[in-house]
Amino acid sequence: MALLNRAIGYATADRPRDAACGAVRSFYCWAETPAAAGGPALVPAGTAKSLQFQRGGNFAAGLPGRDLLTPDQCRWLAQAADRYPSTRREGPHRARALVYLCLNPYLWARHHEDDILRPGQITAMRLTDRHREQHRTTCDVPQKHAASDATRLQPVHHDAVRAINEYLPHRATTRNDTGHLFTTINGRPLEPQSLIRILRTVAATHPDLEETAPKLSADAVTHTPAAQPSV
């Protein structure tokens, strides 16, 4: 609410992007104010100053919960997904496919905005959205900041495609199947918040990610740096 109030105050600015950046930075200036000065002391001092705003709307640094993973952490998360144990029928297969889709830019060894798949886009995927195009597989994914029916073709790494194919025989269905690719154990469409919970649960099974897992965000995974090719 505090951030919203600040954004409203900047709404009359001539340049919307500058207004948005100013609103966020103003909010964190207030959030880092120490209790002795009448502030909430929610974030460390210097957080507002450390904010770096990139074109495209990504807040590259300074935002709590937005710390990106390292290449090693990406590798560990993939390992955790490969070894993830679960008593539920669809559990390990679904978790592995979800993690690999989140790591799509990392798997491609590149970091481009078009390779990023956000939780809402992943959970919105349908069985009919996948297309085999000669040497690659693409998926229709909802377009961010566009009409509700707007989609774009997203190349999906072959490791993620393999994980999806292994999951499909275990996919839970219901009588009124909506056709969503990822479903709950009751056959209902998976929610974005459930995907985040699964990411954290999988990460917690790896000893090197135990401390990171409870605060792991989807943005930290989907905006991971590209893996560097070995020499």
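**A walk through the predicted chain**

Among contacts in the chain between residues at least 6 apart in sequence, 53% join residues at least 24 apart. Contact here means heavy atoms within 4.5 Å. The model is predicted: local features need pLDDT of at least 70, side-chain atom pairs count only at pLDDT 80 or more, and totals for chains, interfaces and linings use all residues. Residues are numbered from 1 along each chain as its sequence is written, and side-chain values use heavy atoms, with hydrogens and water left out.

Start with the whole chain. It has 10 helices and 5 strands. Helices (H or I, at least four residues) and strands (E, at least two) are DSSP runs, numbered from the N terminus. Of the 231 residues in the chain, 42% are buried. Buried means under 20% relative accessible area, exposed means over 50%, and partly exposed lies in between (1.4 Å probe, protein chains only). The accessible surface of the chain comes to about 12900 Å². Carbon and sulfur atoms hold 52% of that surface. Accessible areas come from the Shrake-Rupley method with a 1.4 Å probe; for residues, only the protein chains shown count as cover.

Now go to helix α4, residues 71-83. This helix has 13 residues and reaches 19 Å from its first C-alpha to its last. That is close to the 18 Å expected at 1.5 Å a residue. The expected span is 1.5 Å times one less than the number of residues. Which residues of α4 are buried? They are Gln73, Cys74, Trp76, Leu77, Ala78, Ala80 and Ala81. These buried residues pack against four helices: α5 (91-102), α6 (104-107), α9 (192-203) and α10 (218-222).

Cys74 has a relative accessible area of 0%, so it is buried. Cys29 counts as partly exposed because its relative accessibility is 39%. A disulfide is a pair of cysteine sulfur atoms within 2.5 Å. By this rule the chain has 0 disulfides.

Next come the aromatic rings. A pair of aromatic rings is described by the distance of the centres and the angle of the planes. Rings of Phe, Tyr and Trp (its six-membered ring) pair if their centres lie within 6.5 Å; planes under 30 degrees apart count as stacked, over 60 as edge-to-face and the rest as tilted. The count by this rule is 3 aromatic pairs. One of them joins Phe27 and Trp30, and is tilted: 5.7 Å centre to centre, with 45 degrees between the planes. Both residues lie in helix α2 (residues 16-31), 3 residues apart, about one turn of the helix. Phe27 counts as buried because its relative accessibility is 16%. Trp30 has a relative accessible area of 31%, so it is partly exposed.

Another pair is stacked: Tyr167 and Phe182, at 5.2 Å centre to centre and 25 degrees between the planes. This pair links distant parts of the chain. Tyr167 sits in helix α8 (residues 158-167), and Phe182 in the loop between α8 and α9, 15 residues apart. Tyr167 is buried, because its relative accessibility is 0%. Phe182 also counts as buried, at 0%.

End at strand β4, residues 136-142, where Thr137 is found. Is Thr137 buried or exposed? Thr137 has a relative accessible area of 9%, so it is buried. Not counting residues up to four places away in sequence, it touches His131, Arg132, Gln154, Pro155, Val156 and Val161. With Arg132, the side chain of Thr137 makes a polar contact of 3.3 Å. A polar contact is a pair of N or O atoms within 3.5 Å; within protein, one must be able to donate a hydrogen and the other to accept it, and residues adjacent in sequence count only if both atoms are side-chain atoms.
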